[in-house]
Amino acid sequence: MTSQASVSTTVSPRPTVVIVGNPNVGKTSLFNRLTGQSARVGNYPGITVERLVGTLSSPVRGNGLAPEVVDIPGTYSLAARSPEEQIAIGAILGLFAHAKPDLVVFVVDAGQLVRNLYLALQLVELQVPLVIALNMVDEVTDDPPNAASVSELFRVPCIATNGRTGAGAQELKGAILDALDARPTGRAEVAYPPELKKDRDRVADALPKAWRSSVERDRALALWALSSVDEDDELSDIDPTLRQRCLDVRNDAVGRDLDQEIIVSRYAFLDAHERTLYQNPIARAQKERASERVDRFLLHPFFGFAFFILAMLLVFQALFSWSEPAISLIEQMVVLAQELAGKWLPEGFFRALLTEGVLGGVGNVIVFIPQIALLFLFIGLLEDSGYMARVAYLMDRIMKALGLHGRAFVPMLSGFACAVPAILATRTMERKRDRLLTMLVVPLMTCSARLPVYTLIVGALFPKTFGWFPVQAGLMVALYVFALVMTLFCAWVLGRTVVRGRRIPLILELPPYRLPQLPIVLKMVGQRSLSFLREAGGVILVCTIALWILLSFPRIPSTANVTNTANIADSAETLHAQENERAHLQLEQSYGGRLGKFLEPAIQPLGFDWKIGVGLIGAFAAREVFVSTLGLVYGIGDLDDEALPLRERIRNERNPSGGPRYTPLMGLSLLVFFALACQCMSTLAVVQRETQSWRWPAFMLAYMTALAYVASLLVYQGGRWIGFT
Amino acid sequence: MNLGEVHVGQAVTIQNVGGARGFRRRLMELGLIPGTSVQVVAVAPLGDPLKLRVRGCTLSIRRAEACSIDVSGVNGAAQPVAPAATMSAARLEVGIGV
């Protein structure tokens, strides 16, 4: 079943339990304790907010099915103004096309009881069947809260747990199964001001039929609507009558502050009962937490940044270098599989399709797994330890100036290795606008796939040194700096134009530091990698096959005499040369080759000929493919990265008047084009998957290509105007 | 007095939370309601955002938004200030002057 289907309103005989709680309360650990090996990562339809689903790992009672457990994104409140925030209320009540759950398990961080219980209070008011898990209660050493008292306050079951050690997990499973029968809904009498009660009832009268239930629930839902609906909220599927009523009530409440009335009343209830919740009801001293001491070092102006740079270097080094052996292994295995298939299958279209199209495409998909897995491993460790929030805290000033979210830093950095995992990593940001902006600019960072292209062009067309100046090395550094400047510039521009969003003030919780739980992090790494294969793999595969067809068809007759040297004694070398010549002719005759020639007038102003044009088309599979496509164009055959013969060919290629065809100026133009163009269908496929639309990948392709074209044009024509050739 | 003017290490009492509706609602939901005590624990090394301690939880908001939160009287003695925090606060004041 796809994630899409399981969120729809189909009635399932399997009871569903949703896990709700504030961020950073150990919800996911507890979820993993409850579901064992059955956890799966999916997505909510329309928005890339991860949805964790599993089945309760516990002996089933009677003849029913084991309950399905869904971990919904952490939230501080049910009140919402964005589609992301709207998930919580929808998933809890079964509104907005979510399935209606049979039970809510609310996870509380025992160290921050009152703030957590604010959300519990909303759940009790909404009359949802509820079980509370008082999590990490054993971490509160000085005066731990009492599960029995919490249970008494809300009149729902409350179990003391610790998701990290597994303590209380069995009891919680038992309580869940009990509660699925008994459906405890709890009770809490918050003393709202009389005027507010009138307002609430006016809104409740306007609730759509489908939303109505008991009087208590209607009232609670009315308070939700009153808190959430606004002139310019981004909520979807709110009944227009209800929306209008909320706005009317707000307008009529002259001189009053409805939001504050609601929130203050609830906190008054919680604060009044706070002392009853602790085992030793004495005034608790505000003890400095261990986290404060760690922060004093990790957020220090000098040591903090030193540690930050070290941590980020480690992430970068891992993506850039440590992934290399795994990537080459995958590439070798794909080649091996292609050779095997080549041996076993009869020659013909089917064999070519299978080896070059399908197996090549599969290789194009799984080759991303090492970097994706490593990046998610680091992100998991950073999030789990509490350091990711500190990254946002440290970098907020800089990132804000660029219009980016503080959490965009890690994806941006990952972009230096590969845009595909970097785009997946944008999920650490909650807001769609922040994710989108980061996604749109990340492919401009100099990814590792650009390196073979840069090496080829720089090596072929530029001298090693000019006097004492190391031209080649200097050029490589300049390309990195250029790409970074362009990325930040585009973020600045796009953030003010295309993805302009209201500036949302930062509210960042700095959770206590905790030791990351490696098994859970690793499990999530596996799940996320699988979900990439499932959801982005197909598109990349199809694109690879399409590109292969473009560059291999129509077939030239296999009997054609490709050169007039064919009758010369067929030593192995000439055979090889013939094969290369054939491949070259094939490419030239293909749709792609024709397209390259067709495009020549368009790319001539940049200094490119049709051969480069074909190379650019081939580079869509992945930028480094440019090198091998160009190899084919020149009839040199398959090349490794040390493309020496190709380098010679490029250097020696002549124009009609006898001068060198490719000049440093043209090389510079090509480098600039590669730095800026979106020459990567995998990136587009991942953006399609993350935004769930074709509009954004299309926009990305268009803006990056236009940018690359204009920049290359300026370089080439400007250079010629100055007097270079 | 507003929260943006509070010195690092000082604890104050919230009088009124201002700012855009979504922001102030979320802050109040996190427990920053009138009458709540809040302490400015530190300022980020680059001068923004602020690190606050409220109801036993550590939150961070930017100075611009902190300025929309009215607070009253420094209650209790200012806690000993971390050297790092003082340094960055001093640098921020210089930064504003420029």
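**Stop 1: chain B, end to end.** Select chain B and trace it from the N terminus: the elements run β-α-β-β-β-α-β-α. That comes to three helices and five strands. The model is predicted, so read each stop as a feature of a prediction.

Now color chain B by burial. Of its 98 residues, 62% count as buried. The accessible surface of chain B comes to about 3600 Å², and carbon and sulfur atoms hold 59% of that. Next, look at contacts within chain B with a separation of 6 or more: residues 24 or more positions apart account for 63% of them.

**Stop 2: a cis bond in chain B.** Select Asp48(B) and Pro49(B). The peptide bond from Asp48(B) to Pro49(B) is cis, with omega near -5°. Where does Pro49(B) lie? Look in the loop between strand S2 (37-43) and strand S3 (50-54) of chain B.

**Stop 3: the interface.** Show both chains. The contact takes 46 residues from chain A and 40 residues from chain B. About 3900 Å² is buried between the two chains, with 56% given by carbon and sulfur atoms. Select Tyr393(A), Arg397(A) and Ile507(A). Together they supply 17% of the area that chain A buries against chain B, more than any other three residues.

**Stop 4: charges across the interface.** How many salt bridges does the rule find between chain A and chain B? There are 10 across this interface. For one to zoom in on, pick Arg62(B) and Asp396(A): their side chains meet in a salt bridge at 2.7 Å, N to O.

**Stop 5: two positive phi values in chain A.** Select Phe96(A). Its phi is near 50°, a positive value in a residue other than glycine. Phe96(A) sits in the loop between helix H3 (83-93) and strand S5 (103-109) of chain A. Is Phe96(A) buried or exposed? Phe96(A) counts as buried because its relative accessibility is 18%, and the cut-off is under 20%.

Move on to Gln127(A). Phi is near 60° for Gln127(A), again positive in a residue other than glycine. Find Gln127(A) in the loop between H4 and strand S6 (130-135) of chain A. With a relative accessible area of 22%, Gln127(A) is partly exposed.

Technical notes
Residues numbered from 1 in each chain as written. Chains lettered and ligands numbered in written order. Predicted model: local features only at pLDDT ≥ 70, side-chain atom pairs only at ≥ 80, totals over all residues. Heavy atoms only, no water. Helix = DSSP H or I, 4+ residues; strand = E, 2+ residues; numbered from the N terminus. Buried < 20%, exposed > 50% of the residue type's maximum accessible area, 1.4 Å probe, protein only. Contact = heavy atoms within 4.5 Å. Areas by Shrake-Rupley, 256 points an atom, 1.4 Å probe, with all protein chains shown as cover. Buried area = accessible area lost by both parts, 1.4 Å probe. Salt bridge = Lys/Arg side-chain N within 4 Å of Asp/Glu carboxyl O.
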